[in-house]
Amino acid sequence: MKRHSAFTLAQQALRGHKDWPQTWAKGTLKPKYDAVVIGGGGHGLATAYYLAKTHGITRVAVLEKGWIGGGNTGRNTTVIRSNYFYPESVALYDLALRLYEGLSRELNYNIMLSQRGMLIAAHTPAQMEICARIANAMQINGVDGRLMDAQEATRRVPLANQSADARYRLTGGIWQDRAGVARHDAVAWGYARAASALGVDIIENCEVIDIIVEAGCVTGVETTHGRVKTSALGLATAGATTGLTAPHGISLPIQTYALQAFVSEPVKPVLDTVLLYLGTGTYLSQSDKGELVIGGGLDRVPTHGKTGNLPMQEQIISGLLEMFPAFGQLKLLRQWAGVVDVVPDSSPILGPAGPKGLFLNCGWGTGGFKAIPAGGTLLAHMLATGGHHDISRPFDLTRFITGRLIDEAAGSGIAH
Amino acid sequence: MQLFPCPFCGLRAEAEFHFATTAGRARPEGAPDDVAWARYLYGEDAPKGLTTEIWLHTTCGEYFLLTRNSLTRLITGSEALR
């Protein structure tokens, strides 16, 4: 792998960007691997990278039914944060945030991490109480988070509607300084480049049709490119997970929904933080190109289709305009949806399931992008060692049997 | 806005409806073990394609069975639960 540096960037610029090397090698499927990861999104590619880098396992294949980073990795709003309530969640999401903080250097690939801070904005005394509770929990869990008052919040978000008849006047909220956004494609491509350089085979347009199980153990997968043998199989397939597990009698507490997002036409800088409004459930940030990147809650109708439906669009956009009347003239450039795997406690499922050798990385719901480096680290650990990492253990599927749920939706009082 | 058929009220806007659960999970009889009980409580499994679900029409307060395609959103049936 040819390393990027300021010098090589300047060299390419002078040559008119005509001879950039290929970022990652197109793999050809071999008949047998030490580990196979299904899903070439951020989580799958990160898993392959950490298998090779941390555990020295390089006979690894990533099987992607479309193109890498083309699923939810390319369909989210790129927010990275660790402002969660329970210690287990903070340990998980802050591991991801810490790894993100060093990722451009580690991968030698600029993921354009911009830690511009995030405000979860409140507008009632009751919400301020919840915010104080979460800020306290974050501090107890050792993460930077604090309660922000109305004055500072208004200074941070000067365009927010503070008129006398505003329905959601800012009363403050929770602030996390280290939160921010990153370039989603760069995360997928950076991991793919680094994994490929370590010998991982990344196979695109290769759909896994079935998992092959013999005598209670995973022995391989059946794909559209033929059969592949492996005894260690990781699933990082988000909304498509149940289609692979259900035929093997593995019952998952997953329901899939479309999660929509929008970008506006580009405008001059108007917002330099990530903002989530508790009152409307709408959240937004401004991209480097000037577009407002807007998201909201889940569609209310379970679906595997990636279109998104109109009632939720109306709710999200009306929330945006309630908060920022000044955006009423903006045009939306694009709208899209991702298919997300939602579990009852809004926490991921990490761990073994069903036949020996099968490990899950799913259930991230609306928040998978921010967790990519942690999801990859933990799935790689499980595939390499056959057992849990301390951080993944509380997220085992058995929590739905024992009742030890990690209910972040209830714990933090915000939509995920 | 898609129209959903309530067996009692006819075609109404989808925003009037609330998804409850995937239909067909039978409540375990007797004293089920934890695994069977968890499967009953949580085993949604998000079927792709044709699926039967329990929905609530919030306007009239009735639960009913809705048969639809979870990929294309096409609705093929609506039936009262009682």
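Tutor: Let us begin with Val228(A), which is placed in strand S11 of chain A, a strand covering residues 226-229. The model in view is a predicted one.

Is Val228(A) buried or exposed? Its relative accessible area is 1%. Because buried means under 20% relative accessible area, Val228(A) counts as buried.

Which residues touch Val228(A), once those up to four places away in sequence are set aside? One group of them consists of Leu29(A), Lys30(A), Pro31(A), Tyr33(A) and Val36(A). Another group consists of Thr219(A), Gly220(A), Val221(A) and Thr223(A). By contrast, the C-alpha atom of Val228(A) is 52 Å from that of Leu321(A), a residue 93 places away along the chain.

We may now turn to the salt bridges. Asp34(A) pairs with Arg59(A) through their side chains, with an N to O distance of 3.0 Å. Asp34(A) belongs to the loop between helix H1 (6-14) and strand S1 (35-38), and Arg59(A) to the loop between helix H2 (42-53) and strand S2 (60-63), so this pair ties together parts of chain A that are 25 residues apart in sequence. As for accessibility, Asp34(A) is partly exposed at 34%, and Arg59(A) is also partly exposed, at 45%. In general terms, side chains of opposite charge can pair when their charged atoms come close.

A further salt bridge involves chain B. The side chain of Asp299(A) meets that of Arg73(B), and the N to O distance is 4.0 Å. Asp299(A) sits in the loop between strand S16 (292-298) and helix H9 (310-323) of chain A, while Arg73(B) sits in the loop between strand S5 (62-69) and strand S6 (75-80) of chain B, so the pair joins two chains. Asp299(A) is buried, with a relative accessible area of 2%. Arg73(B) counts as buried too, at 12% relative accessibility.

Within chain B, Arg12(B) and Glu16(B) form a salt bridge whose closest N and O atoms are 3.2 Å apart. Arg12(B) is partly exposed, with 28% relative accessible area, and Glu16(B) is partly exposed with 21%. In chain A, salt bridges that share partners link Asp94(A), Arg98(A), Glu101(A), Asp144(A) and Arg178(A) into one network. Over all chains, the structure holds 20 salt bridges.

Why may the overall form of chain A be called that of a compact globule? For 416 residues, a compact globule would have a radius of gyration near 22 Å, and the value for chain A is 21 Å, which agrees. Along the principal axes, the C-alpha atoms of chain A fill a box of roughly 70 × 60 × 40 Å.

Of the 416 residues in chain A, 57% are buried, and Val228(A) is buried as well. Among contacts between residues at least 6 apart in sequence, 74% join residues at least 24 apart. Chain A exposes about 16500 Å², of which carbon and sulfur atoms supply 54%. Finally, chain A carries 37 positive and 33 negative side chains, and the centres of these two sets are 6 Å apart.

Note on methods:
Residues are numbered from 1 along each chain as its sequence is written. Chains are lettered from A and ligands numbered from 1 in the order in which they are written. This is a predicted model: local features need pLDDT of at least 70, side-chain atom pairs count only at pLDDT 80 or more; totals for chains, interfaces and linings use all residues. Side-chain values use heavy atoms; hydrogens and water are left out. The radius of gyration is taken over C-alpha atoms; the globule rule is 2.2 Å times the number of residues to the power 0.38. Buried means under 20% relative accessible area, exposed over 50%, partly exposed in between (1.4 Å probe, protein chains only). Contact means heavy atoms within 4.5 Å. Accessible areas come from the Shrake-Rupley method with a 1.4 Å probe; for residues, only the protein chains shown count as cover. Lys and Arg count as positive and Asp and Glu as negative; His and the chain ends are not counted. The place of a charge is taken as NZ of Lys, CZ of Arg, CG of Asp or CD of Glu. Helices (H or I, at least four residues) and strands (E, at least two) are DSSP runs, numbered from the N terminus.
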